[in-house]
Amino acid sequence: MSLALHQTVSVILKSEDEAEFPSVKVRFINFESITPIKDIKAGLYGKLISVRGTVIRVSGNKLICVSMGFGCNTCYATMSIPLKDGVYKMPASCKADNCRSKSFTPLCSSNLSRTKSYQIMKVQESVADEQSEGGRVPRTIEVDLTDDLVDSCGPGDNVTIVGIVKIRNSEENRKSKSANLFTLYVDAVSVVNSKSGVNSGRQSLCSVEFSIKDYYAIQEIHAEEARFRLLVNSLCPTVYGHEMVKAGLLLALVGGSSTNRRADAHVLVVGDPGLGKSHLLHACAQVSPRGVYVCGNTTSSSGLTVTLVKESGGDFALEAGALVLANHGCCCIDEFDKMTNQHQALLEAMEQQRISVAKGGVVCSLPAHASILAAANPVGGHYNRTKTIAENLKMSAALLSRFDLIFILLDRPDEHLDSMLSEHVMTLHAGLKGKNKLMSASSMCSSSFIADTDESKQPLSDRLKLKYGEPIDLVPHSLLRKYIAYVRKYVPNPKLSVEAAKVLQDFYLELRKMQDTTPVTTRQLESMIRLTQARAKLELREEATSDDANDIVELLKWSMRDVVTGNLDPNLSQNGRGMSQGSKAKKFIGALQKKASFENKDTFSVAEMKDLIKSLNLQVQDFYQFISILNVQGFIIKRGSDKYKLLSV
């Protein structure tokens, strides 16, 4: 087709010298259906196919010889030999009259030799592809780029390639000559990069295609009166409760306005084991248009960022890590506390949203516009509320300050909550038939959920909860993924109204007055702006209202309620006495430490502690509850039925 077009244009322009006329390249796009990388086998050799995937490695720009000029050593005649696929070969014999010489000299600098730009990239099947198989290394295939296709994409880009399947000698064949082995590769005809479309700033969503049914389904979701409540409860329905945490994760998946310095929000979930943090991250990776899930205990810093790989020719190539592959998506990092050596590699990626590389003479930076959703377990297995978050996680304050939301989940015994949670788990395992039986079995516990109140006056945590026995048609994850992609694509830049800006400013100034509890910087103000814009985007609105800002303020207050500075928390008194109960506990612990140093022991009986409280004239309503609070906070540890050990503080 290129030749026919070239000849046609030459005839139209009546070009006499065709050698000077530029060649015409035909690029096919949207060719047939997409062929999965796993289906590229020998049967497709020589055929034109379409492949879609993520670029993980790009080599340097090289030159490949298309035709080579040779000079005869006998008659000095010159000739040009085409080199198919750049494979070097000599002429069989001289084509001049009365000369059949087989001795030639290559003429590299002659006009008879022609070269073109050449580049090799490696494409991996998409990380968010529903057809990708788990439990095996993702499949990859090499793609050859020539001429104007060179440098058309970089590591981390989503590309759709139309090309011809060809073969080349494998590296194993070079080492062992006993077998004739070949590898398949794709000679690219056209490359469509996801960044080259409309709205290129957030155009990673081109990989998500919308059908007519999807648009109707999104319209039905938008027609719901309580859209935010429906979407939050649809995020991970297998995990009971944690509505505020799900709301924060959902807002991070959507992100704020792309005109800001940083549009992506980062969320950290810290909590005791067994509260479903990993399930929440898996759900976020599934519903994100471009999600990558990694585990901290099996991840290196180069696997998160960028690896510099040395190729066979001695050149270096960049190989993308998890953050680059999650560009314009989300990167879910589980076991965040197990990767202490890799935390420094995240500082630049979380704030500047790029990854700088300076290795082996290669100095460059790659984009990493990804939301980081992390889950961590505190040191020792359980969260100690007498210490700060940095002390519980052994994490630097610089890294913690980059998170927009930090949720602390505590495993507190609650009879009503435990009953509802166990019922939810049994319902999941019993199926729909046993659901009504289980609901009726504990209907006496549901009175607090059925009470009808004015929803506009309820706090956000109560508005997001599902009423007991309420029929609700949750959004499946496949449709929720389409909805998030639709929101990010068609509502990219919502603006703040004057009322919303006033609410956020007043709350920020209020936080600045509380510097003794939590460090507050302008990053917190930018976080509130991002989350408020994300709240409006979920409603498909171009402007954020004061109601959106009030919801974000409630969400921030809820996430900060368990953050303390390392002193005894007076709010843990459990009997409503507040600061007076906290001062009693401090006074008792101080006296107990003096008694321990005087008697040279650290274990005391219940009777000894009762006598100490009497000698201090402390008015404690419930002694055992008072001791239980100190045990939970980590000041004393129960060693037997009536003995407690004092910990050094």
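Asn600 counts as exposed at 70% relative accessibility, where exposed means over 50% relative accessible area, buried under 20% and partly exposed in between (1.4 Å probe, protein chains only). The model is predicted, so that local features need pLDDT of at least 70 and side-chain atom pairs count only at pLDDT 80 or more, while totals for chains, interfaces and linings use all residues. Residues are numbered from 1 along each chain as its sequence is written, and side-chain values use heavy atoms, with hydrogens and water left out.

Most residues other than glycine have a negative phi. Asn600 has a positive phi although it is not a glycine, and Asn617, likewise not a glycine, has a positive phi as well. Asn600 lies in the loop between helix 20 (579-599) and strand 20 (603-605), whereas Asn617 lies in the loop between helix 21 (606-616) and helix 22 (623-632); helices (H or I, at least four residues) and strands (E, at least two) are DSSP runs numbered from the N terminus.

| Residue | Phi | Relative accessible area |
|---|---|---|
| Asn600 | about 55° | 70% |
| Asn617 | about 60° | 62% |

Elsewhere, five strands form an open sheet with parallel pairing, in the order 10-13-16-9-17, two strands being paired if DSSP finds at least two bridges between them. Because strand 10 (291-295) and strand 17 (405-409) stand at the edges and each has a single partner strand, one side of each is left without a neighbour in the sheet. Within this sheet, strand 9 (residues 267-271) and strand 16 (residues 370-376) run parallel and are joined by four bridges, and Leu268 stands opposite Ala374 in strand 16.
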